[in-house]
Amino acid sequence: MTHVAVMGTGSWGTAFTSVLSDAGCTVTMWARRQEVADQINAGCNTDYLPDLRLPETVRVRSILGRFLEHSRVFWFDNGGDPAAWIGSADMMHRNLDRRV
């Protein structure tokens with residue numbers, strides 16, 4: 001069985017998780033807000049897709065907000081091929097010119 005991680009629990013992340021689950025994947029979603037994680041772990045994302053029931057094989061973790069919410073630079077090991085990214089808000093000219 002393939003295990004997939006989906007970052008984000010909005011409508012797109014939830015719909016994509018449903019498709020992956022239907023295809024037989026075990027999915028872990030990564031949420032920013034604990035209350036959304038609790039909803040999805042109970043079987044439904046009432047904030048974004050209230051009519052979509054998610055299977056019990058979907059699990060949600062909600063540690064991202066603590067680590068990523070105000071971060072500017074993100075470093076990923078990426079299986080030995082490291083990658084660095086900057087947050088999307090930093091792509092605005094005022095941030096690139098003065099802050100980063």
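Tutor: Let's begin with the contacts: among those in the protein chain with a separation of 6 or more, 45% are between residues 24 or more positions apart. Keep in mind that this is a predicted model. The protein chain has 100 residues, and 31% of them count as buried. Its secondary structure amounts to four helices and seven strands, running along the sequence as β-α-β-α-β-β-β-α-β-β-α.

Three strands make up an open sheet, ordered β1-β2-β5, with parallel pairing. From one strand to the next, the twist averages 20°. Between β2 (residues 26-30) and β5 there are four bridges in the parallel sense, and T28 sits opposite R59 in β5.

Now for the helix itself. α1 (residues 11-22) packs on that sheet and touches β1, β2 and β5, with its direction at about 165° to that of β2. α2 (residues 34-41) packs on the sheet too, touching β2 and β5, and its direction makes about 165° with that of β5.

What about the geometry of α1? With 12 residues at 1.5 Å a residue, α1 should span 16 Å, and the 17 Å between its end C-alpha atoms agrees with that. Its buried residues are G13, T14, T17, S18, L20 and S21. These cover an arc of only 165° around the axis, which puts them on the same side of α1. The general rule behind this kind of pattern is that an α-helix has 3.6 residues a turn, so residues three or four places apart point the same way. On the other side of α1, W12, V19 and D22 are exposed.

And what does the covering? The buried residues of α1 are covered by elements including β1, β2, α2, β3 (44-45), β4 (49-53) and β5.

As for where the chain goes next, α1 is followed by G24, which has a positive phi near 95°.

Notes
Residues are numbered from 1 along each chain as its sequence is written. This is a predicted model: local features need pLDDT of at least 70, side-chain atom pairs count only at pLDDT 80 or more; totals for chains, interfaces and linings use all residues. Side-chain values use heavy atoms; hydrogens and water are left out. Two strands pair if DSSP finds at least two bridges between them. Helices (H or I, at least four residues) and strands (E, at least two) are DSSP runs, numbered from the N terminus. Axes are lines fitted to C-alpha atoms, for helices over the stretch in contact, and angles run from 0 to 180 degrees between N-to-C directions. Contact means heavy atoms within 4.5 Å. Buried means under 20% relative accessible area, exposed over 50%, partly exposed in between (1.4 Å probe, protein chains only). The expected span of a helix is 1.5 Å times one less than its number of residues. The arc is that of the directions from the helix axis to the C-beta atoms.
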